[in-house]
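Open the model in a viewer and keep the selection tool ready. The tour below says what to pick at each stop and what is found there.

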Amino acid sequence: MRAISMLLALALAVQASALRVTVFGGSGFIGQRVCQQLTEAGCDVVSCSRSGRPADAGGAWADAVEWASADASVDDLAPAVAGSDAVVSVVGGFKAGKASPTGTADIPLLFATVSDEDQELYRAANGPPNARIAAAAKDAACSRFAYCHVAADVENAIAGGIPGYFRGKGEALEAIVGAYGADAFVVAPSSVTASRSDPLAKALDSPLAKFAVSANAFVGNIGYRGEDLVTKVALTPPVAVDDVAAVLAAAARDAAGFVPATERATRRLDPDNTDAYGGPTSREYVVTARFVDGTTGIREAAAKVSR
């Protein structure tokens, strides 16, 4: 009897000490994988999204998640973060509610609609919701915040073509770092694919593609303009969604202590200032946070947290 009582007490203690994590955007492509990895690691998980539980979320992990419905742009977020130790946000979008490009086929979609109205929609889908999430998490005394952003190379290469999207992403990042300082954890993929065996990822991981990347860098280094970033981004393999999710989940569990705070500089359009011809100028934005940036960085971090 005594042994049974001790085991029961231990089980209750473990249950009481389980980390509680709120995942905003948990019903999406990346968010579902984050929720799954967190539940399988023993965390209590709340997913908060406009759609609630998605139809394709099945299995024991999905049954263990508390699926909440709320619009981060307008609704009260306090109930979703109450009692949580950490918050993960993969909220954002440009088309079909995606937080980031999930393959090179998505890039033309970004450029297909370049009206001022569309750019404002891109900004509004990325900046204000994440600013409200960060504020709610801070008010609820959530200890950790992890955010799915976008790789620096991508922002530097194509931000001028889709300024609304990157302005929104920048506003989100600034709000999160404003709330959590250099302890904010930022995972920044260039593009995300469903599987590590994705044919495009394999092709861009090939020796020929790697040679092309090196050649682009070499030619840039001997010139005055540097390597061509659009070419570099086009030749960068997408990162598997499970790797992105693994790093975000590890950050929420405080299991990514090997990632230090670093300074990241990117350049994008500054719509508040114009040049001599009336067009927007660009300026450099410098942010300090715990960045895991780009395919190589995410793959390396995922390998460490999976050991």
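**Stop 1: aromatic rings**

At 1% relative accessibility, F166 counts as buried (buried means under 20% relative accessible area, exposed over 50%, partly exposed in between, with a 1.4 Å probe and protein chains only). Select Y165 too: Y165 is buried, with a relative accessible area of 1%.

This is a predicted model, in which local features need pLDDT of at least 70 and side-chain atom pairs count only at pLDDT 80 or more, while totals for chains, interfaces and linings use all residues. Residues are numbered from 1 along each chain as its sequence is written, and side-chain values use heavy atoms, with hydrogens and water left out.

Rings of Phe, Tyr and Trp (its six-membered ring) pair if their centres lie within 6.5 Å; planes under 30 degrees apart count as stacked, over 60 as edge-to-face and the rest as tilted. By this rule there are three aromatic pairs. Now select F145 and Y180: the ring centres are 5.5 Å apart and the planes stand at 45°, so this pair is tilted. F145 belongs to strand β5 (residues 144-148) and Y180 to helix α8 (residues 163-180), so the pair ties together parts that are 35 residues apart in sequence. Helices (H or I, at least four residues) and strands (E, at least two) are DSSP runs, numbered from the N terminus. F145 is buried at 2% relative accessibility, and Y180 is buried at 10%. Go back to Y165 and F166, which form an edge-to-face pair, with 5.1 Å between centres and 85° between planes.

**Stop 2: the nonpolar cores**

A nonpolar core is a set of buried Ala, Val, Leu, Ile, Met, Phe, Trp, Tyr and Cys residues joined through side-chain atoms within 4.5 Å. Select I30, L38, F185, V244 and L248: of the 39 residues in the largest nonpolar core, these touch the most other members. Helix α12 gives the most to this core, with 10 residues. Apart from it lies another core, of 27 residues, with L77, I176, A179 and A184 among them.

**Stop 3: a charge over a ring**

Which ring has K138 over its face? Select Y180: K138 lies 5.1 Å from its ring centre. A charge sits over a ring if NZ of Lys or CZ of Arg is within 6 Å of the ring centre and within 35 degrees of the ring normal.
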